Amino acid sequence: MSSDQVHLGHRARKRFGQNFLKDPYIIDGIVSSINPLPGQNLVEIGPGLGAITEQVGKLVDKFTVIELDRDLAERLENHPDLASKLTIHQGDAMRFDFTQLIKENNKLRIFGNLPYNISTPLMFHIFEFHKDVEDMHFMLQKEVVNRLAAGPGSKAYGRLTVMAQYYCRVMPVLEVPPESFVPAPKVDSAVVRLTPYEVLPFPCTNLKWLDRVCREGFNQRRKTIRNCYKALFTAEQLEALGVNPGNRPENITVEQFVAMANWLDANYQKDAKA
């Protein structure tokens, strides 16, 4: 077996997007940023070979893991130190109903080294449960973390930025080089903290409209706002919402995107198309 694809006797499976952490300093940094405490409702997505799981297990008595790979789930079931502490859900986090883990007055704290090939749709899935989530700590491609944390007017600012910042405060925590993994990915990585708002700062009356105005804008980044949305708004209507029709979509703030979506929900007769 090629040594650059195997770690602790397990061959990384490309279809699952597996890259296993091996750097103890990075692992310690991630666990410190999570700061897991006994009694908290902790959930790890994709524990893999247990690099983070083992360190969290030294600090708490009980937590939950969701692992797609049957072989890795079985390893955890038989782990000498972790087996008694873990509730293991073998399955796809993309389809997982996180409401089954909700406990009264104990919100979910979700963390994990997310498979980079599904990280964005997986975050969108978890955002649906934002009212029951205390915080999230995810290892992602550095480029994705830059997009999550971007501000208006930057090239990294896009649909993912708007939807993430609609639900959460975003805080980059730690940068991670490729050599911290087996196999080494071809990109730099980073850890981000996402903290859902207790009360949404800019509530949207119809998220389908918010998704649509984001898609239509960022799919035509080089066009002016006037031209991007000419089928939905007049220039006067945009100006009334505080949006400059001569700017580009990357200049629209989260608050303005929500104002546009809410106006469409109130004034447009047709249903929003996802």
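Which strands does helix α4 (residues 119-127) lie across? In this predicted model, helix α4 lies across β4, β7, β8 (133-141), β9 and β11 (189-196), and runs at about 175° to β8. An unreviewed UniProt entry places the feature "domain: Ribosomal RNA adenine methylase transferase N-terminal" at residues 26-198. That span is 29% helix and 28% strand, and its end C-alpha atoms lie 30 Å apart.

**Sheet**
- An open sheet is formed by 7 strands in the order β6-β5-β4-β7-β8-β11-β9, with mixed pairing.
- β6 (86-90) and β9 (168-176) each have a single partner strand and stand at the edges, so one side of each is left without a neighbour in the sheet.
- From one strand to the next, the twist averages 20°.
- Strands β4 (residues 41-45) and β7 (residues 108-113) pair in the parallel sense over 5 bridges.
- Within this pairing, Leu 42 stands opposite Arg 109 in β7.

**Helix α5 on the sheet**
- Helix α5 (residues 142-149) packs on the sheet and touches β8, β9 and β11.
- The direction of α5 makes about 135° with that of β8.

**Helix α5 against helix α6**
- The axes of α5 and helix α6 (residues 159-167) cross at roughly 60° and come within 7 Å.
- The two helices, α5 and α6, are therefore oblique to each other.
- The crossing in which α5 passes α6 is right-handed.
- On α5, the contact is made by Val 144, Arg 147, Leu 148 and Ala 149; on α6, by Leu 160, Thr 161, Ala 164 and Gln 165.
- The residues of this contact of α5 with α6 comprise 5 nonpolar, 2 polar and 1 charged.

Note on methods:
Residues are numbered from 1 along each chain as its sequence is written. This is a predicted model: local features need pLDDT of at least 70, side-chain atom pairs count only at pLDDT 80 or more; totals for chains, interfaces and linings use all residues. Side-chain values use heavy atoms; hydrogens and water are left out. UniProt positions are given in the numbering used here, feature names are shortened, and annotations may be inferred rather than shown by experiment. Helices (H or I, at least four residues) and strands (E, at least two) are DSSP runs, numbered from the N terminus. Two strands pair if DSSP finds at least two bridges between them. Axes are lines fitted to C-alpha atoms, for helices over the stretch in contact, and angles run from 0 to 180 degrees between N-to-C directions. Contact means heavy atoms within 4.5 Å. Angles under 35 degrees count as roughly parallel, over 145 as roughly antiparallel, 65 to 115 as roughly perpendicular and the rest as oblique. A crossing is left-handed if the near helix is turned anticlockwise from the far one by less than a right angle, and right-handed if clockwise. Ala, Val, Leu, Ile, Met, Phe, Trp, Tyr, Cys and Pro count as nonpolar, Asp, Glu, Lys and Arg as charged, and the others, Gly among them, as polar.
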